[in-house]
Amino acid sequence: MTSEGTLSDTYLAAIQHDLVELPASTTLVGVVRKPTRWFSGAVDENVPALGPPTALLSETKTRQEDLKLQGFCDEEAHNAAWEACAFESRYREYLTTDEPSAAMQELRSRLESGENIALVCFENTAKKRCHRTLLREELDDSQ
């Protein structure tokens, strides 16, 4: 009988600065649409299909910049842009489409086989909302 693996999530700086404790042999799975070279070097693999769609990212970033020009701090602008763009509902809907749905099923299978997985992105969720927490919720709900 195999035991199910663990699913966690964290952000890149927490890994780089040893601010997070993960189970032994955890696979670091980036969920970034366009990873930088240094991001790719810090994770075991990246699954771009689980990053938010480019149009949603662009729209949210533009709205965030507009809000910063209106005097919002970076974190406030980021979170307000999420709300203004209906980021959560749109990202969850995106996850039901073919490519991300297949990528999620692959992660589910790996978890079921006992693999420990940590979803990794850039945002510190103590300050900013991040799609990886939504993705983790979706994966948790389906297990």
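Guide: Let's begin in helix α7, which holds both Arg136 and Asp140, four residues apart or about one turn of the helix. Helices here are DSSP runs of H or I with at least four residues, strands are runs of E with at least two, and both are numbered from the N terminus. This is a predicted model, where local features need pLDDT of at least 70 and side-chain atom pairs 80 or more, while totals for chains, interfaces and linings use all residues. Residues are numbered from 1 along each chain as its sequence is written, and side-chain values use heavy atoms, leaving out hydrogens and water.

Visitor: What do Arg136 and Asp140 form?
Guide: A salt bridge, with the closest N and O atoms 3.7 Å apart. The term means a side-chain nitrogen of Lys or Arg within 4 Å of a carboxyl oxygen of Asp or Glu.

Visitor: How many salt bridges does the structure hold?
Guide: 16. One of them joins Arg92 and Glu138, whose closest N and O atoms are 2.4 Å apart. That pair links distant parts of the chain, 46 residues apart: Arg92 is in helix α5 (residues 87-94) and Glu138 in helix α7 (residues 131-141).

Visitor: Is Arg92 buried or exposed?
Guide: Buried, because its relative accessibility is 19% and the cut-off for buried is under 20% relative accessible area; exposed is over 50%, partly exposed is in between, all with a 1.4 Å probe and protein chains only. Glu138 has 23%, so Glu138 counts as partly exposed.

Visitor: Which residues are linked in a network of salt bridges?
Guide: Lys61, Glu65, Lys68, Asp74, Glu123 and Lys128. Within that group, Glu123 pairs with Lys128, with 3.7 Å between the closest N and O atoms. Lys128 counts as buried at 15% relative accessibility, whereas Glu123 is partly exposed at 22%.

Visitor: Switching topic, what's the pattern along the sequence?
Guide: The chain reads β-α-β-α-β-α-α-α-α-β-α, with seven helices and four strands.

Visitor: How much of the chain is buried?
Guide: 40% of the 143 residues count as buried.
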